[in-house]
Amino acid sequence: MTSTVRVATDVGGTFTDLVYFETDDETGRQSIRTAKVDTTPPNFEKGVLTVLAKGKVDVSSVAFFAHGTTVVINALAERKGVKTALITTEGFRDVLEIARGNRPDFFNLMYEKPKPFVPRHLRRETPGRMNYRGEVTAPLNLSGLPAVLDDFRAESVEAIAICLLHAYANPAHEQALAAEVRRLWPEVSVVASHQITREWREYERTNTTVLSAYVQPIAEGYLDSLERGLAGLGNRGQLYIMQSNCGVDSLAATKAIPITMVESGPASGFWGAAELGRIIGEPNVLALDIGGTTAKCSLIEGGHVRIMTDYWIERSRLSSGYPVMVPVVDVVEIGNGGGSIAWIDDFGKLHVGPQSAGALPGPAAYGRGGGEATTTDANIALGRINKNYFFGGEIKADMDAVEAALGRIAQKLGVSAIEAARGIVRIANNNMINALKLVSINRGYDPRDFTLVAFGGGGAMHAGALAAELGVKKVVIPRAAPVFSAWGMMMSDLRRDYFVTRLIETDGVESLAVAAALTGLIEEVALRARAQFAAETIPAERVKLTPFVKCRYQNQEHSVEVALDYGPIETKTLADLIARFHAIYEREYTYRLDAPVEIVGLHLVASAEVGKLRLAPVPKTGASLESARKGRRQVDYALEGAHEADIFNSERLEPGMSFMGPAVVEDPATTVIVHPGQSASVDAYGNIHIENAQ
Amino acid sequence: MQPITDPVTFDIIQNSLEAIADEMFAAMRKTAMSAIIYEVLDLGTGITDADGEIAASGAGIPAFIGVLDKAVKAILRKHNQGGIAPGDVFAVNDPYAGGVTHLNDIVLAMPVFVDSALVAWTATIAHFNDVGGMVPGSMSTDAYEIFQEGIRIPAIKIIEAGTPNQTVIDVMTVNSRLPAFLKGDLWSGIAAVRIGERRLLELVQKYGRATFLSAIRHFMDYGEQVSLKALEGLPKGRFELAEEQDDGAIYKVAIEITDKTFVVDLTENPDQVRGPTNASRDGVIICAQMAFKAFSAARGAANGGSFRPLQVITRPGSIFDPVEPAAIGFYFEVEVRVFDLMLRCLAPHMPNLLPAGGFASICGTVIGGPHPDTGRHYTIVEPQLGGWGAMRGRDGNSAIFSGFHGETFNCPAEVAEARYGLAVDRMMLNPEQGGEGRWRGGKGIEVDYRVRADGNFMTVGYTRTRIPPWGLAGGADGTTNYVEVVRSTGKRERYSLASGVIVNKGDVIRIVTGNGGGYGDPRERDPEAVLGDIHSGYLTPGRAEQVYGVRAESRGSGLR
């Protein structure tokens, strides 16, 4: 009997997850195993090897190995990258420090602007200049470079970022400069902006290049250790690394530009939600991932995730943060997870998050000295989480600590502990509602047209209430909800998103010249994409290309993406493109103009399947619903009050089973809350569908 | 429906109001035609209650948020005889009719009706590139009557029960030198107030009118409580300051703080001027509101209730309360001065709440003309970044917009070169020396725009061009703001308040903004920090020895 084994491991902030799929090549029958261990900073690869052992994975049998890691975002958040220097265009070394000058915390005159990742004495300049059309207006002069590199050596610099003005339009100067740096100092890590992005805005591009250089040796070291560790276990399969654009990329490409991993965790979960939607026939999905410290959401329309390049780290209402101009799935993230702390301000108002109790001390219920009430504690007090089945019974919930913590909140609010717990759940839900609105209503989408796919440890606990509030008709809790990021990687393609700024000047776009210019742009980028795939032995015919043209009304700044079929552009295609631009624009912004439309660039998606999983249905044993029932208990649904609820064991639910709320499905790693009036059913793949009463 | 009055429901409604104001902001930002709106974000959005008290505000410019309530109140006064109907959108830009700032800023406001009762307003304000008047960009330093500054829109309906009043829109459009921009920006604002209206209706439908209204009332009371609580922590008494301005005028302020009130007295100030540097009384009140927020509760809610303890006293006919037809085109430089005056008055008494003086100017810069590559007309309307003052425990922020701005973004050089056809020769921190202290001031900027076509014009409104930013607690004063035009002949011209200056191919417009003032005696600065500043090229060795008493021989060269 031969079978194909696929493995995905996901290193998260708290846990390292494993999903293992073995597919019998003859029968197509699949077996799945999952496992979770603690994440092991700073040597994250140890946790990966441990979870593989815990899941009893024979690494030498693995055909497809996907891996996601938080190593990049961790190195950035903890400022544990290497000493980095910058070389930029003469007159512009302060761009990194000037940034954009904005101040989100706008009444606060004691605001502190974020510090640049490269101090001024390590930011150096070189003569040479391009204009916005990519024409050389002053030649590159590298005569001063040896002295600059001597200074960098004396300062123990380990990585050099290169970002020159208008390199997005013409990278020749950057290429020459990078080659010369490598020639003069082969040991130093070097990255130039054009290798990462071909979009304009010098601060964003410079900062992105600097951050990539800053984490490059760390990420490379980690990936090397992982590769060695897996090789030591006999790995012969191809190792793919999860990226922020919902695809995987090769090990070599990731080592060169590691910054593209920055948001890989949410990306794989959202991709999983999109794939799941396709499998179960729900192409329009609101994806919600609730973890320990945050909730993240994204909107998927027609099976497509939205990939953008205006991602910022550490940006909030209180800080301008740092831009990272790489393709990242459209994600709205809020500081609201299971461990988020409830607190009362000076005026008696209840808030939840963004402070989190984290893994240590964790929620009060963990009994590790956490004295503050969290969302998880409120869920336990209300009987939503089973206090006798906390973490599948692995942890004994410290109910004294829960009561004490909630009591303090209740006292300040002047209500009972149960009322306080209800308030915490409602506030937490409201925070998540607002996040879901940001990705839907704020972009012109009606949530009622979408299915809510909820995952992460806390997704299933809150999704039912959120759906009722938003008018979403159906919620789907994936079978692998607690390890869904790893599950999503199994489904990923080798994918690269190319963003290129290119103004196509025209008075009206429906002309032959514009068609030729656009065709030329698409072909130029397609050539680059195919060459990159070819270097990894993937032939052109296996590479799927999807161009998105960035259009706007003349004089506007923000553009709208319009999808095209790959192929030569004719004037008829252009007319259709413009018509669709007007329609998309009107849906998003409520009006259209008769102003000229201009093209400002291209977003080309290139992808190839590299062994992703085809999911098979879960076999039925014919067991009755009764065999999955654990009993009944009082559950407080916050808004709807307390009800006697049916309790089910997730591991015994089978396709075809259905039941009505009030009910709770208990899984060792999550809890599914079915509200009164909602109905639940299990689909052929083991996912739970929850529908609101009409 | 029985009204719900539990605090959690109230909180949820209040959060939703903030989310709606944010959504309006995002909608306008994405659809605006002018860079001043979508890039610089010279706009504000908000929701008021039926009486025009601010209930929630979106992101943007703090100086704009306090405008909307005053504009809505003016609309209410004018149209109180049943002239307000569902689907209406009102427009106002005239400060003598509720517009508050200057004629470039058009406020759009839409009433929200539930069961034929007015329950709220949604409103936006944004800077329009050109509303007519005697110069391109509408702001002229030569104007001495408001009639010279553009078309006045006195709180009228541009949309009546859902139907656009094309006559009014045509009149507005034909008066602009950039009609396509005006039209695009107008529709962008209309879209924003309409989205806000739609969302508010959904919210009221969900919770019921009574609950919605009591939630707003509750929120206002909460705002007041936050302010009163903050007043408890402030020093009490009467504080006074007189300060000389660039033009030699003396501005005076007296601030009296009690347990329950915060009174700003601006009575003793010069008469209104024959020129565009006057600020409306409403505008001056906004300055007081912002100052009050800065030292009371910078992060708490800002709504009608927050400002109940605040009173502002002005004298009609003065520069801070001019009477019609005084010109007000450069009001912003007057407002930013009076704002800074209040901060300076209180800073010595609140060392943990306020930094030393910063560059404190909008440094409003307008440049326009033909694009050398496309021939199309372009206009830049931008404020500038500058250095902020040092504060106890920390050096000042470098290169950040003034306290009047919030989520305002500068224009990237790469975008400016393509869009405007100017060459940006450099964009760097201001190398001038000054602002030293135990903690030093932040650095301003120096930007060179090289003009590539003949017949461009420049208008600038800068203050703190002679009197530098103030040091605090023994810190040194910072450096001044100015614009220098370096002609292709090499001749240099210095400007601070000017309009219609012609610049031609090869001329360089050099924008220099101030370094902020220092905090504390420079001799107490950590010598390592001094050496670090030398190493980074922020400080010259000579200046270090002179001001800090630190000799720099041990560290690197600080070469570029």
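Predicted model: local features only at pLDDT ≥ 70, side-chain atom pairs only at ≥ 80, totals over all residues.

Reader: Thanks. Which domains does chain A have?

Author: The assignment for chain A gives domain 1 (77–219), domain 2 (264–336 + 429–490), domain 3 (340–425), domain 4 (494–608) and domain 5 (625–691). Such bounds come from an automatic or database domain assignment.

Reader: How far apart are the C-alpha centres of domain 2 and domain 3 of chain A?

Author: Those centres lie 25 Å apart. Seven residues of domain 2 of chain A are in contact with 10 residues of domain 3 of chain A; two residues are in contact if their C-beta atoms, placed from the backbone, lie within 7 Å. On the domain 2 side, the classes are one nonpolar, six polar and no charged residues. Here Ala, Val, Leu, Ile, Met, Phe, Trp, Tyr, Cys and Pro count as nonpolar, Asp, Glu, Lys and Arg as charged, and the others, Gly among them, as polar.

Reader: And which domains is chain B divided into?

Author: Chain B is divided into domain 1 (7–222) and domain 2 (355–525). Their C-alpha centres lie 31 Å apart. In chain B, 20 residues of domain 1 are in contact with 19 residues of domain 2. The domain 1 side of that contact divides into 12 nonpolar, six polar and two charged residues.

Reader: Now the two chains together: how many residues are in contact?

Author: There are 69 residues of chain B in contact with 56 residues of chain A. Several elements of chain B each supply at least two residues to its side, including helix H1 (7–31), helix H5 (179–207) and strand E14 (423–429). Helices (H or I, at least four residues) and strands (E, at least two) are DSSP runs, numbered from the N terminus. H1(B) provides the largest share of the chain B side, 10 residues. By class, that side has 37 nonpolar, 17 polar and 15 charged residues.

Reader: Let us change topic. At what angle do H4 and H5 of chain A cross?

Author: The axes of helix H4 (residues 145–154) and helix H5 (residues 172–184) of chain A cross at roughly 60 degrees and come within 11 Å. Axes are lines fitted to C-alpha atoms, for helices over the stretch in contact, and angles run from 0 to 180 degrees between N-to-C directions.

Reader: Why are they called oblique?

Author: H4(A) and H5(A) are oblique to each other because of that crossing angle: under 35 degrees counts as roughly parallel, over 145 as roughly antiparallel, 65 to 115 as roughly perpendicular and the rest as oblique. The contact is made by A:Leu145, A:Pro146 and A:Leu149 of H4(A) with A:Glu180, A:Val181 and A:Leu184 of H5(A). Five of these residues are nonpolar, none is polar and one is charged.

Reader: What about sheets: in what order do the strands E29, E30, E32 and E33 of chain A lie?

Author: They form an open sheet of four strands in the order E29-E30-E32-E33, with mixed pairing. Strand E29 (629–636) and strand E33 (670–674) of chain A each have a single partner strand, so one side of each is left without a neighbour in the sheet. Two strands pair if DSSP finds at least two bridges between them. E29(A) and strand E30 (residues 642–649) of chain A pair in the antiparallel sense over seven bridges, and A:Gln634 stands opposite A:Glu644 in E30(A).

Reader: Which strands are at the edges of the open sheet in chain B?

Author: In the sheet E8-E9-E10-E11 of chain B, the edge strands are E8 (237–244) and E11 (310–313). Eight bridges join E8(B) to strand E9 (residues 250–257) of chain B, and the two run antiparallel. B:Phe239 has B:Ile255 as its bridge partner in E9(B). Helix H8 (residues 331–346) of chain B lies across E8, E9 and strand E10 (262–265), at about 55 degrees to E9(B).

Methods. Residues numbered from 1 in each chain as written. Chains lettered and ligands numbered in written order.
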